[in-house]
Amino acid sequence: MNAQAASQDVIKEPSMLKQKAMIAANFDKLTSANETGQKIAATYVPGNLNELIMCFDMGNNLPEINAINNGMRKKSGAMITEAEKQGHSEDVCTYVKADIGNMSRGAIAPNGKPMPVPDLLLLSYTGCFTFMKWFELLRDQYGCETTMLHVPYEGDGKITQNMRDYVVKQLKEDVIPALEKVSGVKFDIDRLREYLRKSAAAEDNLVWVLESAKNKPSPIDAYFGGVYYIGPIFTAFRGTDDAVEYYKLLRTEIEARLAAGKGPITPEGELTEEKYRLVVEGPPNWTSFRDFWKMFYDEGAVVVASTYTKVGGVYDQGFRHDPDHPLESLADYCLGCYTNRNLPGRVDLIEKYMKEYQADGFLVNSIKSCNSFSAGQLLIMREIETRTGKPAAFIETDLVDPRYFSAANVKNRLESYFQMIDQKRKGGGSAAAA
Amino acid sequence: MKTFVGIDLGSTTTKAVMLDESGEVLGRGITNSRSNYETAAAVAKQEATVAARLYLFRRALGSDGSGRLDGLMGDLERNFRLEQFLEQLQDLQTTCAGFVTPERFKGAEDKAIAALEQVFERLRGETPAMFGRDAARKSDFFRDIAGSRFMQIGEEVAQKTGLPFDLLLNVYDKSIIEVENRPPDGDMAGTFQRALARVLAETPDQVVDTEGATKAMDDALAIELEETYVVGTGYGRVTLPFPKEHIRSEILCHGLGAHMMFPHTRTVLDIGGQDTKAIQVDPAGIVENFQMNDRCAAGCGRYLGYIADEMNMGLHELGPMAMKATKNVRINSTCTVFAGAELRDRLALGEKREDIVAGLHRAIILRAMSIISRSGGIASDGEFTFTGGVANNEAAVKELKKLVNENYGDVTINISPASIYTGALGASEFARRAAVN
Amino acid sequence: MSKTVTEIVDRCQALFEDLNFTSAREWKAAEPGRKVVGYMPVYVPREIIHAGGMLPLGILGGGEALEVIHGDAYYQSYICRIPRSTIELAITKRIDFVDGMLFPSICDVIRNLSGMWKLMFPKVYARYFDVPQNYRDDIGGNYYVEELRELKEGLEEVAGRTITDEDIRRSIAVYNENRRLVQEVYDFRTKQPWKAPSWEVYLLMRAGMVLPVEEHTQLMQDYLAAAEAEDRPMKDNCRIILQGSFCEQPPLNLVKSIELAGCYIVDDDYMLVTRWLLGDCPVDGDPLRNLASKFLHESMETAAKYEPDGTRKGQYLVDAVRDRAAEGVIFAAPSFCDPALLDRPMLANALSRADIPHISFKYAENSGQMQPIREQAGTFADTIKLWS
């Protein structure tokens, strides 16, 4: 085993504790809204307008995050069944069904208190068709004020001026007036600029952390660890002092790991030997997140770059929130999210990762729920194999539906894959597994 | 001599292959997987050792490959099985006797022991005939043969002695599990010698003289088969009774095994009960790419099993029936859940059974073609090797040949009668390389 | 001599079964320089393709007759069938004569297929055709006009000529005529469903996917005349609307089975492109602005469109039931169809609130079993008759 013995104390870095506290405080803020009078907006992760929402003193509730939470706490299965009983098809997205099932059960947040009915549904329709329908379903349930931001898809792989104008105009004429109306707060563009400045500062450090994986050995796991690193910037904290501080803290920790030549931290301690460097495409499975991760670190596999950590913004390719062009940069942010990029663009980005991060292989975790990611992944895999000559593998799981995580099946494929990389490296000699 | 063993633990059968230092196959063995992988592995390994001893004996006799020794070898193996069976019977009797306790038999213990003695005596008596030259056995697994005979004889004896049969049966049930899961006894040499003696006594006009045969057997048995390295593989690998460094992925083993059987293989298709896999290998048998059916088992061997059940037929009757088809019936669902419904729908529409069954075969091969395509297709500069249980089905093979030809042109398609050992063969070669390199 | 219903339907059936698109190939070969532009569901402005002198060709997957071998290699089992059979059509060179492909904004699968096309067939003009989900003229309208302009420029490249406003105006007029006839056929069926069986109407509309629009318009005129003249017995069927089949198409047998089970289909959402714009599009003025305005304010409702007013969600279906004098709704959606299946619970709620009975089932374009569908549709028909 590569990771240190499980008996050792689980490592908790200050950044982890900080993030934990931030999340807990946010859940408390959301669940006490009825008492405090805090207004709440519900919105999605990709293309979320957190800085803008903050300009109106509103809280930000993200249904995907609730679904992920329930998935990791093994509660999503029953919620999905509940939604299916209500007539939702077994074929469709389980984030949606976990959310709807959760609502039927009183929408209890991880702190044990019920989530309030949002004051505004702010649909950022970015990179995922299902968001639009999910939003209509939520509106059906809540019957609250709604507004919609339609973010066009980068069909030809670029952001056109027409797209940018369209998004900015919606922000000015639909979204901001709706936020003003619900909150009673007048929009102040300088306040937005200030938040965006903080976003950019946090983004700089996030990118540094993600790119630290270019080192050998990598001090981070950019997928299993990565989902924690993107937490604040993807959710209700972008533009806050907390996020700025979190990323400073995180960067300091990773700098120290790097200087000491250490590998990533896993739930069972530090990874001592990096044997395989992988680029991973697709979201993780949440219901068996730990088991899934273990299948990697037990074999010494480290994910050095992942596309999932770009769904809430592709910061490592140069984009930053820009206080000098506030609404335009919000538009570019939404337009540039990973799943809003066309397939050739996704292939190019992955190819770049494969080379820049010196990966040994490419792995697709294909998610049943998420056609935005999944449709076309087999072609992406072929293209990457052809372009890089590196072996690729394909596994299938789901986001929060425990029925779609077959541990034996996934493990079987992963082990075959790691041994295949090994065998290829050794040129046909005996590929020992350990 | 040094030997290298590969063991493939499947969900239904466990296979073992033993190689010598030069990579020559010494022996193959197969057994049912039971619920105990450890015993299954030990039994399969022992079976491979038996085959290896036979091989060595034949070599010691100076086989010229003409087949002149075939009769003798057949007799020897048959008699070896007979001896082995008798030993296991003895073990079973002793074990049964151990379960004859006062709690169970309430004072009738002596009666029970006597009854068991009677049952086993009769069993022993009819055993040689079971292993006669022309005798047909439904199964070669001890449990199957001993079990069915015990039922019949035991009941008769119980009736005569006035002992409740279910008591005896209870004792038998407990014992058979123990015997079956007991790692095989080590005295193989004695068994071989007794078997050879039987052969020589049975038919004195053998192609070899008694003295020469005995010496050859002694020579063959004198060779120490040192188990230098063992590699395990198979779907149940997670619980394989081997240390981690002795485990290889079934994909790698399958690819290498196919390469060893047919060295020009570049693409392997394996359709097993639970999964279908397409593997691309390089000219040295190294896996370059592989794809398996997704988490749904649509179109795997099990699908044919469901169809057979649905039609109240044996699995082995499906292929021959499909060969009689005269018309193309398109079956669209390879989903095991829907297979029955689609089948009934077609029958209701007046389609003939053989035509539907042929359509079902085509459907699973179409599914396999997709998986092949997903793994990169079939290279025109190499051969294509088809393995797994479905490779024994002539109707499936016929469809596969047709579709491969239509989509990839004139490709050499290999199917080995020993294809069930493909994974174990690859594993044994990995064992050899691990030790040699 | 006028054509009989059988003659017309036979021709449509032959076009429907021809997976090599011979008629479109012949159209292209008839004159040098002709171009064909394919499009997928749910809506593209065919007027602009037509204005460039090109043939718009509806690609709706491979249907039940196509054996998919290579297409399956590109898709997981949990993705619907239309993209895999469409790729199969392309890989097997059945649509190798198509010079451009348009992928409308309908779902993430078709959206991503646009990028796959760019990677797999780099010589073909492939465009994801986005439409606004914001229905204000000065926001969504402006965006859409610009999108149409970009589309026009792309199509000019394919056509090898400029497309003038006048060209587009003429084409709008041609399509106005076609839409009028489509509407007439639907209205005719609403009035006398026994005279226009749904599978015939279906094939007639499918013909509009592959024929030049002028020919299709004529064909519909011929059909209306022939169907009116034909004496067909009226059955004791109930009247239903079929909903959810706007993208991947059901096998023809499914359409037939529903009617055989005792349900007249008096409205459906097959091939919405034929009647997406409601009523005539103005011919005078800026043609792109006219197309945009029509799209924003007078176009069909379907799952791929956002409904800004929550209280009106599903209202169009309730209205259709009234307008078509239907007695119930059958939801028939393709397996794994995100838009149809996510929309269904909301539509079903709207129907329930209006006391309109409904049932639902799923299909794939190659579904083999019709027995369960016949049973469900038959039971549904009996229930409606029992209670009405």
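Reader: How much area do chain C and chain A bury between them?

Author: Keep in mind that this is a predicted model. The contact brings 55 residues of chain C up against 56 residues of chain A. Of the area lost there, 55% lies on carbon and sulfur atoms. In total, chain C and chain A bury about 4,700 Å².

Reader: Which elements give two or more residues to the side of chain C that touches chain A?

Author: Across this interface there are 35 residue pairs in polar contact, counting pairs with both residues at pLDDT 80 or more. On the chain C side, several helices and a strand each give two or more residues. They are α5 (108-120), β4 (125-129), α6 (137-159) and α13 (338-353) of chain C.

Reader: And how do the residues on that side of chain C divide by class?

Author: The side of chain C that touches chain A holds both nonpolar and charged residues, along with polar ones. By class, the numbers are 27 nonpolar, 10 polar and 18 charged.

Reader: How many salt bridges does the rule find between chain C and chain A?

Author: Let me start with an example you can look up: D156(A) and R127(C) meet through their side chains, with N and O 3.3 Å apart. That pair is a salt bridge because 3.3 Å falls within the 4 Å cut-off. For the whole interface of chain C and chain A, the count is eight.

Reader: What about chain C and chain B: how much area do they bury between them?

Author: Here 18 residues from chain C meet 18 residues from chain B. Carbon and sulfur atoms account for 41% of the buried area. The total for chain C and chain B is about 1,500 Å².

Reader: Which residue of chain B forms a salt bridge with E67(C)?

Author: The rule finds two salt bridges across the interface of chain C and chain B, and eight residue pairs in polar contact with both at pLDDT 80 or more. In the salt bridge of E67(C), the closest N and O atoms are 3.6 Å apart. The partner of E67(C) is R330(B).

Reader: Let's turn to the inside. Which helix gives the most to the lining of the largest cavity?

Author: A search of the whole structure finds 16 cavities of 30 Å³ or more, and the largest has a volume of about 140 Å³. It is lined by 16 residues, and the closest to its centre are N61(A), N66(A), D99(A), N102(A) and Y142(A). At least two lining residues come from each of α4 (63-72), α6 (94-104) and α7 (129-142) of chain A. With four residues, the helix that gives the most is α4(A).

Reader: Which residues are closest to the centre of the second largest cavity?

Author: The volume of the second largest cavity is about 120 Å³. Among the 16 residues of its lining, those closest to the centre come from both chain A and chain C. They are Y125(A), Y153(A), S105(C), R111(C) and Y128(C).

Reader: Where is P217(A) found?

Author: The peptide bond leading from K216(A) to P217(A) is cis, with omega near -5°. Such a bond deserves a look because most peptide bonds are trans. As for its place, P217(A) sits in the loop between α9 (189-211) and α10 (226-229) of chain A.

Reader: Where does V42(C) sit?

Author: This is the second residue of a cis peptide bond, from P41(C) to V42(C), with omega near 25°. V42(C) belongs to the loop between β1 (36-39) and α3 (46-51) of chain C.

Reader: Last one: what is the phi of K74(A)?

Author: Most residues other than glycine have a negative phi. K74(A) lies in the loop between α4 and α5 (76-85) of chain A. Although K74(A) is not a glycine, its phi is positive, at about 60°.

Methods: Residues numbered from 1 in each chain as written. Chains lettered and ligands numbered in written order. Predicted model: local features only at pLDDT ≥ 70, side-chain atom pairs only at ≥ 80, totals over all residues. Heavy atoms only, no water. 1 Å grid on protein atoms, 1.4 Å probe; cavity = no way out; pocket = protein on both sides within 12 Å on 5 of 7 lines; lining within 4 Å. Points joined across faces, edges and corners; volume = space filled by probe spheres on them. Contact = heavy atoms within 4.5 Å. Buried area = accessible area lost by both parts, 1.4 Å probe. Polar contact = N/O pair within 3.5 Å; in protein donor to acceptor, adjacent residues only side chain to side chain. Nonpolar A, V, L, I, M, F, W, Y, C, P; charged D, E, K, R; others polar.
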